[in-house]
Amino acid sequence: MTEDNLKNLLQKADRTAGPPEPVSMKLSDIRRRANHRRILYFKVPVAAAAIILIAIGIRIVSIKTQPPDQQEKIASLEAQIKQLQVSTDAAVSLIHEVLEAEQRQNRLNELEVQLASIPDPLEEVQKQVDKTAFILIYQADRMYLELNQTESAVETYKRVIQLFPENQWAKVARERLAQIKENQSGKTDLKGDSKWKLQNV
Amino acid sequence: MPTCESNISVMAETINDELLVEQFSKGNESAFESIVELYSADVAALANRLLGWPSDVEDITQDVFLAAFLGLKKFRRDCSIKTWLFTITINKCRSYRHKWKLRKSRTIPIPKSFDQAQDGKSIGMRLSPAGAHSELMEEETFERVRDAIAALPAKYREAVVLRYLQELPTEEICRISGISKNTLQVRLSRARERLKLDLAELMEK
C-alpha cells in the first residue's frame, strides 16, 4: 500500500465520520469561564488557609481548656523552663564579660608593646645634645692642635660650656681651657699630651 | 510550488491575524469573537480527529478558546493564530486523553439513501439488500480504519492527523508538535507501518 493510497483511505474514513457537532461559543461564555477560573484559583487557596487557621485556633482553644492537673503540670514545666532560661542567660552574660575582659587585656598588651617600641624623646634629645657638644669639642681640638687657631678654639670651648653647662663635654671644655691658659703662660707644652688626643667619632 | 494566489491569501491571513491580536491587546474583546468565528470549526475538527471522532468536542473546544482568551495578550506572533490554536488543541487533547474514554460507536449509521425515506418513500423500494449490505460493509471498514488511527500511540496519531487529514506542511507540523523534521518523518514512517499491519486485511479486500 503506497502512502497516497493510505492517505486516501484515511481521508475517506475521516469524511465518513462526518464533521463534529457544531460548537456554539459566545464571548460572554468564555469571559464567564475565565472569571470563574480566576475566582477558583483565588478562593480555593484562601479557603484552605482559612481552614488551617480555624484548625489552629481550635487546637489553641483545646489546649487552654485542658483539665486542671494537666494545666498545673504545664505551669510547673513553664516555670522550670523560665528558671533554666534565667540561669542560661546569666551564664551567657558571664561568658561575654570574660571574653570582653580578655579582649581588653590583649589590647592593653599590644599597646604596651607599641609603647615600648617608641624611643624615649628625652633620651633622644640628650643623645643629640651629647653629640652636638662632642662635635664642638672635636672641632675646637682640631682648631687648636692642627690649625693653630687658638682663639677660635677657645671660643668654641666657651660655647660648649655656655650651651651645655651640665654636660660631660662642658667639663672637658673647661679642662681644655685651663690647659690652654697654662700653655699660653708657658708652663707646659700640652699639645704633645696624650690627653689631647683627637676624639675619634 | 506555492502559487501566487496562495501566497497572497497567506499574507492576507497573516495581516488579518495581526490586526485582530492588536485590537484585542488594546482591549477590544470583540476581536476575539472574530477569532472564534474564523477558527472554531478548524479547532473542533482537529480535536475530533485527535480524540478518535467522538463527535462531541464542545468541551475541549471551549477549553481551547478559553486558554486562547487568557493567553492572547502574551501571544508572541511568531506564528499564525491558527498554528497557535492548533498547538493549544494538541496540548488539551493530550490531557483530555487521560479523562476521556474513547467510545466506539457500534450503531450502524443510516445510509444517505435512507434519508429519503422521510419523504414517505418505502425503504425497501429504494435500495436493494445488496446495496445496503455494501454500504454497511464500507462503513464498518472505515470505522476500523478510524479505530486503527485511534489505537496508534499519541505522538504517532498526532503526526498522522496533522499530515494526512489536516494536510499541513511539514514546517507547521514541526512547530505545532515541537519536534524536528527528522523526528516527524520517523513518527510518520512508524505510524504507516503500524497502520499497514492493522489494515492489511482490509487492503487485501
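Which residue just after helix 7 of chain B takes a positive phi? In this predicted model, that residue is E167(B), with a phi of about 55 degrees.

Helix 7 of chain B runs over residues 154-165, twelve residues in all. From its first C-alpha to its last it reaches 15 Å, close to the 16 Å expected at 1.5 Å a residue. Most of this helix is covered up, with nine of the twelve residues buried. Among them are the charged residues R157(B) and E158(B), along with A159(B), V160(B), V161(B) and L162(B). Y164(B) and L165(B), towards the end of the helix, are buried too.

Chain B meets chain A through 38 residues of its own, which are in contact with 26 residues of chain A. On the chain B side, the residues that lose the most area to chain A are L66(B), F142(B) and Y164(B), and together they make up 19% of what that side buries. Between them, the two chains bury about 3,000 Å², and 68% of that lies on carbon and sulfur atoms.

Polar atoms have a share in this interface as well. Eleven residue pairs are in polar contact between chain B and chain A, counting pairs with both residues at pLDDT 80 or more, and the count of salt bridges between the two chains is four. Several helices of chain B take part: helix 2 (30-50), helix 3 (58-71), helix 6 (129-151), helix 7 and helix 9 (181-198) each supply at least two residues of the side that touches chain A.

R192(B) forms a salt bridge with E3(A), and the closest N and O atoms of the pair are 3.3 Å apart. The side chain of R192(B) also makes a polar contact of 2.7 Å with the side chain of Y164(B). Leaving aside residues up to four places away in sequence, R192(B) touches E3(A), L6(A) and Y164(B). Is this arginine buried or exposed? R192(B) counts as buried because its relative accessibility is 16%, under the 20% cut-off.

Key. Residues are numbered from 1 along each chain as its sequence is written. Chains are lettered from A and ligands numbered from 1 in the order in which they are written. This is a predicted model: local features need pLDDT of at least 70, side-chain atom pairs count only at pLDDT 80 or more; totals for chains, interfaces and linings use all residues. Side-chain values use heavy atoms; hydrogens and water are left out. Helices (H or I, at least four residues) and strands (E, at least two) are DSSP runs, numbered from the N terminus. The expected span of a helix is 1.5 Å times one less than its number of residues. Buried means under 20% relative accessible area, exposed over 50%, partly exposed in between (1.4 Å probe, protein chains only). Contact means heavy atoms within 4.5 Å. Buried area is the accessible area (1.4 Å probe) that two parts lose on being put together, summed over both. A salt bridge is a side-chain nitrogen of Lys or Arg within 4 Å of a carboxyl oxygen of Asp or Glu. A polar contact is a pair of N or O atoms within 3.5 Å; within protein, one must be able to donate a hydrogen and the other to accept it, and residues adjacent in sequence count only if both atoms are side-chain atoms.
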